[in-house]
Amino acid sequence: MKSISKKSLIKLLVFSIFILCVKSLKAQTLNEIDKAITVKIDSIISLLTVEEKIAMCHAQSKFSSSGVPRLGIPELWMSDGPHGIRPEMNWDNWDYANWTNDYVTAFPALTCLAATFNPGLSKEYGISLGEEARYRKKDILLGPGVNIYRTPLNGRNFEYMGEDPFLASTMVVPYIQGVQQSGVATSVKHYALNNQEHWRGHINVEVSDRALNEIYLPAFKAAIIDGGSWSIMGAYNKFRGQHCCHNQILLNDILKNRWGFDGVVISDWAGTHSTLESIYNGLDIEMGTPSDSNLSKRFPYNNNFLGKAFLDKIISGEVKEYNLDDKVKRILKLMYRTSLNKNRPFGSINTKAHSNTAYKVATEGIVLLQNSDSFLPINSSTNITIAVIGENATKSMTIGGGSSELKVANEISPLEGLRKHFINATIIYSQGYSSESNNKKRNEELKKEALSIAEKANVVLFIGGLNKNNSQDSEGADRQYYNLPYNQDDLIGSIAKVNKNISVILISGNAVSMPWRDKIKSIVQSWYLGSEAGNALASILSGRANPSGKLPFTFPKKLSDNAAHYYGKLSYPGDGENQYYKEDILVGYRWNDTKKIKPEFAFGHGLSYTSFKLSNIISDKKNYKSADTIKISCSVENTGGVQGAEVIQVYIGKENSKVNRAMKELKGFKKLSLLKGESKIVEIYITMDKLAFYDETISDWNIEKGEYVVFVGNASDNISKKIKITVI
Ligand code: BGC
C-alpha cells in the first residue's frame, strides 16, 4: 500500500476539522432554531385561552382543525393520501365539493412503490407528492401506510408496502423525507395492527411482544426515527383491549417515550372513543368523530371527545391544564414545521416531472411473474393481431377504493397505452366479464365475444384482476374469496383452450389464486399504477422497458397456506371481538420458508427479459463482534441480451436459536442496473443490530451469539449462495 505523505495527512486533518466545524455549526444552528421555536411556542401558549387550545385538539370540518383567528394562527388542513392528493370534500359531509381545480397526478399505489425495491425512487415519489400536496395548500398528508401484509384478503393491502418489515422500513423513510421537504407533514398510518378491514372499528388484536416489535412496529419506528415524520395516525382497531387512537402502550410507552416522538398523533376518522383515554393516552387531534349539528350551528364539533367534555374536565379541575398544553405545543411545533415555516416552497401540480416520476415507479414496480418460452416482450413493430380481453383494460383504477380515491388530470388506461405503443398491430378489445352485471345471459354473451376474438388473434392479453369496488381492493371491507372475482378463472381457462399464446396481466394490490397458471404463457403483476398506467404497462409488454419489480409479498397457492389463515377463524378474522395472531413472527415468506410450504410466487420474486449471474459472493469476515457491520459483496453480471436491473437480496437466519426463528429474514438489498454484458460488484452492509431478536424476558433487543447463515440471491426462493458467519 502507498504510504500517505505528510502533506496529504495535514490536508486530511484540516479537511476533517472543517467538516466537524460545519457539522457542529449546523447542529448548533438547528439546536438554536429549535430553542427559539420552543420559546415562541411557550409565549403563544401563554396567550391562548383554554377554549382556543381545546379547539385546536379536534376537528372543525371533515379535513381541518381550528387555528386561532385572533392571533393569526392558521387552521391545519389535511388530505388523503397516500398516492395522490384527494379531491376537495364539503366542509361537513362526505360529498365531493366538485371544485374544478383539484385534479392531480395519481402516483402508483404503495404496493407498486415497494415492488420497485428502489429507495431512491421512493424519495422522488415523496418529493413529487409533497409538491402536489403543497400546491393544494395541505399541511398534513394522510399517509404513507405501512401496515404489514398479513392476509391477502385485507381490502387495504394496496395502500401498504408489503409483508416485510425491513423492506417497508427502507422504502418508507425516503418517501417521508421527500414529502416533508415541501413543508408538508406526513401522517404515517394506521398505527398499529390495522391488518384487516373486516371489523376494523372494534376488533381487539392480541399479539406477542415479539411479533409486535419484530414485524408490526419496525416500519412505524423507521418512519418516526429515521424518516422524522411529523405526525402519525392511530388505527381503528384495539390492541390489548384499548383502542389504538388512545392506547397507553402504543402511544405513550412506545411512540412518545421509547421513540421520543415530538410530533402530533391524529386519530383515524371516528377512531376516538373516550375523553379520558384521549387526554391521557397520547392523542393530540381528534378527527372524523361525527359532528352534532343540533348542538350548535356554529360549532358542531364541540361535542367531540376532545371538545366540550375535555373543557369541562379542565374547568372542574379534574384534569390539569398541562395535559392540554402538551397537545397544543405539539400542534404548534408541527405548524412551525409546515404552515408557519416561511421558507417552505410553493409546490407544483401536474407537472411533466410528476408524470415522469409516476411512470418510472410504475414501470419499475411491475413484476414479471412468469414468462414461458420468452413469450414477452411482444415485438411492437410487427403487424400482428392482439386480442385485449378484460374489464381492467379500460376501467379507471383511481376511482374507488375508499379514502385514497383520486380525481386525476390524466389517466392512461392499459388499452389506450397499448394502442399508443403498438401502432403496427391490430388491437381488438372485448370486455370478457363485467364487475357490474349479475345477468347470466349478458355474462355469457361477454364470454362468447371474448372467445371469438381470442380465437382469431395471434396473441391474447388478458387484463383483469381485482378492482377498487367494495369487497375487492377497497377500504372498509375485506375480500371474501382468494380467487379472482366475476368468473375470471373460468374465462381465462376457456381462452387458454382456444389460444395458447396468452399473457394474464393482473391489476390488483393483492395476491390471488391462479388455477390457470400452467395453461398460460406469461403472468404480469401490474398493481394500481395511477396516471401513467397504460404507458408503463405498454412499455413493459413491448420490451421498451425491462421488468425489474420484485414481489413485496408472497402469493400463496391457497389461502390455508397463508399463516394467518392456517390458524383458522380466531386468527383471521377473529370471533367478532378478539383475534389472536397465532402465527406470531412467521408472517409471509417467514411462514412458507420455515414450514416448507411452496408458494405460487415467493416474496422477492420477479423476472427480467435478460439474465443475471451472481458470483464471488463473500462476507468480509467469518467472525463478528456485536458492534461490527457485516459487508456482503457479490459480483453481478448481465448475461442476457438487453439492459436490465436486478435486486440482490440478503437474508439472514439463525439455526439453533434459543427462540423460534424464521428460516431467514431480509436484512439488506440493492438494486442495480446493468448494460448487456456488463458486470458490477455490489456491496451490502448490515449492522449487527439487524440480527437481534426482541427478547421478551428482558423486554429489549438481544443479539444472540453463535452461528448465522447469510443467504444471498435474487428472490427469497432463489438463493445463489449461503455463507456461515459467527457472532462472537
Ligand atoms: C381512513 C384513513 C383516512 C381517513 C380520512 C379513514 O376512514 O382509514 O386512512 O386517512 O379516513 O379520509
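These legends accompany close-up views of the ligand site, the cysteines and the cavities in a predicted model.

Residues are numbered from 1 along each chain as its sequence is written, and side-chain values use heavy atoms, leaving out hydrogens and water. Local features need pLDDT of at least 70 and side-chain atom pairs count only at pLDDT 80 or more, while totals for chains, interfaces and linings use all residues.

**View 1. The shell around the ligand.**

View 2. Polar contacts here are pairs of N or O atoms within 3.5 Å. The side chain of D80 places an N or O atom 2.5 Å from a ligand oxygen. For H190, the distance from a side-chain N or O atom to a ligand oxygen is 2.7 Å. D268 also has a side-chain N or O atom 2.7 Å from an oxygen of the ligand. Taken alone, the ligand exposes 310 Å², and the protein buries 96% of that. Accessible areas come from the Shrake-Rupley method with a 1.4 Å probe.

**View 3. Cysteines without a disulfide.** The structure holds zero disulfides, a disulfide being a pair of cysteine sulfur atoms within 2.5 Å. For C57, the nearest cysteine sulfur is that of C245, 15 Å away. C57 is buried, because its relative accessibility is 0%; the cut-off for buried is under 20% relative accessible area, with a 1.4 Å probe and protein chains only. C244 has its closest cysteine sulfur in C245, at 7.1 Å, too far for a bond. C244 also counts as buried, at 0% relative accessibility.

**View 4. The largest cavity.** A cavity is a set of points, on a 1 Å grid over the protein atoms alone, where a 1.4 Å probe fits but cannot get out. The count comes to four cavities of 30 Å³ or more. The largest has a volume of about 90 Å³, the space filled by probe spheres set on the points. Of its 15 lining residues, M397, P414, I507, L529 and A533 are closest to the centre; lining residues have an atom within 4 Å of a point. The lining divides into nine nonpolar, four polar and two charged residues.

**View 5. The second largest cavity.** Its volume is about 70 Å³. Lining residues include Y149, R150, E163, D561 and W591. By class, the lining has four nonpolar, four polar and three charged residues.

Conventions. A polar contact is a pair of N or O atoms within 3.5 Å; within protein, one must be able to donate a hydrogen and the other to accept it, and residues adjacent in sequence count only if both atoms are side-chain atoms. Buried means under 20% relative accessible area, exposed over 50%, partly exposed in between (1.4 Å probe, protein chains only). On a 1 Å grid over the protein atoms alone, a cavity is a set of points where a 1.4 Å probe fits but cannot get out, and a pocket is an open set with protein on both sides within 12 Å along at least five of seven lines; lining residues have an atom within 4 Å of a point. Ala, Val, Leu, Ile, Met, Phe, Trp, Tyr, Cys and Pro count as nonpolar, Asp, Glu, Lys and Arg as charged, and the others, Gly among them, as polar.
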